Structures are given as C-alpha cells and as structure tokens.
Amino acid sequence: MTEGKISKFRMYLPQILATTAKNLLMIQVGLSATFPTIAIPPLVGTIESTEEEIFHFTPEEASWFGSLAFICTPIGSILSGWVTEPIGRKNAMILVNLPHIAAWLILYFATSVHHMYVASILLGLGTGFVDAPVVTYVGEICQPAIRGILTSFAAVAATLGFFIGYLLGTLVTWREAALICLTIPVFAIIGISFIPETPLWLLSRGHEIKAMKSLQWLRGWVDAEVIEKEFLELQRYSINSNRCNLCQECNQTCNHPSPTLIDKVMELTRK
C-alpha cells in the first residue's frame, strides 16, 4: 500500500480522534472558569438555594474564591513546561486530570470556605497545566494540511465547556454540577490512554520502534513503508534538535552537556 492509495479520510481520521481526546481537557478549562458563577450566588445568598447550605460566603470570601483559580493558572502554565518534556506529552495530558479530579471531589464534599479555596487553587493549577502538553501534542502529531483547523478546535471545546457549565447552573445545584464535572477528567484519562505518544518525543528518547508504530497509527494505521520518508525526516529533525547551535553549523555529533534552565534564560536575554 502506497501513500497515494490511502484516502484522506483514513489518513486524517486518527489525527482527528487523537485531538478529540485531548479536547476533553479543554472542556475542563471551560467548566473550571464557569464554576464560580454556579457556586457563588447560592453561597452568598443572592439566589435561593434548593437545599440548605452547610456554610456561606461573605462578599470578600466569594471574591477570593472566584479569583484564586485565575491567580494560580500562570503557575500551572510554568510547571507544565517543566513536566511535559521529561515525561512526554501523553503522560502529561493524563497527569493534568488529577488536580481536576481532586478539585471536583473536594467541591462536592466541601464543608467549609477553606475547602472551596483549595479546590479553586487546584482548578487553576490544572487549567494552567493544560497549556504545554495540549499545544505541543497537536503540533507534533498533525500534518500541516489539517494542523490549523485541529488546533482551532481547542477553542471550540473550551467554549463548549463554558456552555455546559452555564447549563448545569440552571439545571442542578452547585454540588451536583461538581459531581457531573468529575466525569469529564475520567473520560479524558480513558480517551487519552488509547492515543499514541508523539513520534518526535519518542525519537528524542531513543525509542525508534515505538516512534515508528506511533507514526503508523497517526497516518491511518498503515504499513511502515508508507511513512518511511516522513519517519526519516523526523529522525533527522530529532537529531538536529538535540545538537547545540555550534555542532549544527559544523554538522558534527554533539557531546556538549544539555543547557540548564539558567543557560536558556541567559540565551534568551542575550538575544
């Protein structure tokens, strides 16, 4: 079977499935952002709750609850960059669900304002943590012809999360909404478990056989000879990306130690 004989539908379908699985993470982003609008009104007392509340917010506490997630999101974004590279994009996308699972459980069983604060912090960290693995994953698995549109689906998924969040606020109590939101990270873990790691990351770790199988899956479950040319190009790119600038210019094997975080910051400052 040659690449020319493979239909575009078959070639693009696995990439669409892979990005759909990661878009469950973006739905969580929308749910996390809208949840304060569900929980604050009944806890402050601006609307009548359908059940008796164990605790209530003061206006100041409500303000903190609504703000903590957004304050912690940049911290999660910074941490995501450090974690994504050593453990891989797929594992990072699975790991990001853990703060959300913990947060939704804490919200459902919350008995004090401090529980709400902790949950808000976890939602913020989880939302920020999504950034690096999701963007990197899509960039490394998709062909240029559909990379743009599949990247834009992330915003659509986040918007869907907003809609679901506001819809839940009109149909159920805030505790029930938290319990329903808990199902999204569970489904995300299941879905992401079935998609492959990116070939580029596998090559950077020396797993050439796994990288070949990953690329075969992503290009339509094809035979190795079909994607041989693209795989060789990825190998060359992986080798060059692991060499320093001097060794790339001289086209020689690089034995220099990998740059530290301080070295990278100094290089950016110099440029």
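Ile75, Ile78, Leu79 and Trp82 together make a nonpolar surface patch of about 410 Å². A patch here takes residues with over 30% relative accessible area and no salt bridge, joining nonpolar side chains (Val, Leu, Ile, Met, Phe, Trp, Tyr) within 5 Å and like charges within 9 Å. Accessible areas come from the Shrake-Rupley method with a 1.4 Å probe, and for residues only the protein chains shown count as cover. Isoleucine 78 sits in helix H2 (residues 59-87) and is exposed, at a relative accessible area of 52%. On this scale, buried means under 20%, exposed over 50%, and partly exposed in between.

This is a predicted model, where local features need pLDDT of at least 70, side-chain atom pairs count only at pLDDT 80 or more, and totals for chains, interfaces and linings use all residues. Residues are numbered from 1 along each chain as its sequence is written, and side-chain values use heavy atoms, with hydrogens and water left out.

**Overall build**

The protein has 14 helices and zero strands; helices (H or I, at least four residues) and strands (E, at least two) are DSSP runs, numbered from the N terminus. Of its 271 residues, 44% are buried. Taking contacts (heavy atoms within 4.5 Å) with a separation of 6 or more, 75% are between residues 24 or more positions apart.

**Salt bridges**

The whole structure holds four salt bridges, each a side-chain nitrogen of Lys or Arg within 4 Å of a carboxyl oxygen of Asp or Glu. Here are three of them:

| Pair | N to O distance |
|---|---|
| Arginine 89 and glutamate 85 | 3.2 Å |
| Arginine 205 and glutamate 85 | 3.9 Å |
| Arginine 219 and glutamate 230 | 2.8 Å |

Arginine 205 lies in the loop between helix H10 (199-204) and H11, and glutamate 85 in helix H2, so this pair ties together parts that are 120 residues apart in sequence. Glutamate 85 is partly exposed at 35%, while arginine 89 is buried at 6%. Glu85, Arg89 and Arg205 also belong to a salt-bridge network that includes Glu140.

Arginine 219, in the loop between H11 and H12, pairs with glutamate 230 in helix H12, so parts 11 residues apart in sequence are tied together. Arginine 219 counts as buried at 6% relative accessibility, whereas glutamate 230 is partly exposed at 24%.

Tryptophan 221 sits in the loop between helix H11 (208-218) and helix H12 (228-241). Its phi is near 55°, a positive value in a residue other than glycine. Tryptophan 221 is partly exposed, with a relative accessible area of 38%.

Definitions and conventions. Buried means under 20% relative accessible area, exposed over 50%, partly exposed in between (1.4 Å probe, protein chains only).
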